[in-house]
Amino acid sequence: SADSSSATKGESVADTIRVISCYADICAMRHPKEGAPLVAATHSGIPVINAGDGGHQHPTQTLTDLLSIRSLKGRLHDLTIGLCGDLKFGRTVHSLINALVRYENIKFVLISPPELRVPEYIREDVLKANNIEFVEMDSLDEAMPSLDILYMTRVQKERFFNEEDYIRLKDCYILDKDKMKLAKEDMYVLHPLPRVNEISVEVDNDPRAAYFKQAQYGVYVRMALIMTLLEVEKPC
C-alpha cells in the first residue's frame, strides 16, 4: 500500500522509477503531485503512463472520453460540450479541453460555481489562445438545451483544504430526470467516475446515460495504449 511504500520513507520519484524499471516493462503512475509522471519519464528506462497527476492532467481518461464521444456522436467536431462541476481541480476536465481544442467548431459551456471555475491557464493559454468559443455559467438548467455532450464531474473532497467549503459546494449540481427533460434527445451524459450524488441513480436507465459504457471504452483504450508502448502488433 501507499502507506508502506518507499515514497513514504523519503524516496524520490526519480529513484522510485529507476527501481521499477528493473522490475517491469511499463509503469502506469498516479501521483498526488502535479508533474510527477513527467519527472518519472525523464529518469525511466521503461514507458511511463500518466494515470493522473494531482489536479493537473489525466491523459488516458481523455483518450477514453474521445473514443466515447466519437462512438456516440460519430464525430469530434461541430459539438457543444458542457463541462459541469469541479472545473478548477478536475484533471479530467483540463485534459479533455486540451484535446478537444484541436477539432473544428468546438464550443464549451463551463458550468460551475465561481469558486470552482477553470484555472486561469486553461482559460488564457488553451481556450483563448486557440480562439475557442466558451461561456462560463452557474446554471445547469440554462445550459442543458444547447448541449451535445454533458460531462459531469464530482466535487472532489480530497482537493479541499477547508471541509466547510466542500460541504457548501458538494451538492451544487445534481443531474436528475427533470433536468434530463431539458436536454436534446441525442445529448449524451459522460462522467469519469466515481460519482457521489451528482448524477441521480434515476438517470442510469435513460438511454442517454453513457458513463458506464464510457468506462468500458476505457478498458479498450488502455489495452491499445499498453500494446502500442510495448510494440505489440497483435495480441497472442
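Modeller: Helices and strands are taken here as DSSP runs numbered from the N terminus: a helix is a run of H or I with at least four residues, and a strand is a run of E with at least two. The model is a predicted one, in which local features need pLDDT of at least 70 and side-chain atom pairs count only at pLDDT 80 or more, while totals for chains, interfaces and linings use all residues. Residues are numbered from 1 along each chain as its sequence is written, and side-chain values use heavy atoms, with hydrogens and water left out.

The protein chain contains nine helices and seven strands. Its C-alpha atoms occupy a box of roughly 55 × 45 × 40 Å along the principal axes. The radius of gyration, taken over C-alpha atoms, can be set against a globule rule of 2.2 Å times the number of residues to the power 0.38. For 236 residues a compact globule would have a value near 18 Å, and the 19 Å of the protein chain agrees with this. Contact means that heavy atoms lie within 4.5 Å. Of the contacts in the protein chain with a separation of 6 or more, 67% join residues 24 or more positions apart.

To describe an interior, one needs a scale of exposure. A residue is called buried under 20% relative accessible area, exposed over 50%, and partly exposed in between, with a 1.4 Å probe and protein chains only. By this scale, 45% of the 236 residues in the protein chain are buried. In soluble globular proteins, nonpolar side chains tend to be buried together. A nonpolar core is accordingly defined as a set of buried Ala, Val, Leu, Ile, Met, Phe, Trp, Tyr and Cys residues joined through side-chain atoms within 4.5 Å.

The largest such core has 27 residues, and those with the most contacts inside it are Leu83, Ile97, Leu100, Phe108, Leu110 and Leu127. At least two residues of this core come from each of helix 3 (59–73), strand 3 (79–84), helix 4 (91–100), strand 4 (106–111), helix 5 (120–128), strand 6 (149–152) and strand 7 (188–190). Helix 4 gives the largest share, five residues. Leu100 illustrates the packing: leaving aside residues up to four places away in sequence, Leu100 touches Leu66, Leu76, Ile81, Ile106 and Phe108. There is also a second, separate core of 20 residues, which includes Ile111, Met137, Met144 and Tyr173.

Nine of its 10 residues are buried, so helix 4 is largely enclosed by the rest of the structure. His58 sits in the loop between strand 2 (48–53) and helix 3, and it counts as buried because its relative accessibility is 5%.

Helix 3 also holds Thr64. With a relative accessibility of 2%, Thr64 counts as buried.

Asp78 is not a glycine, yet has a positive phi of about 55°. Its relative accessible area of 37% makes Asp78 partly exposed.

With a relative accessible area of 28%, Leu193 is partly exposed.
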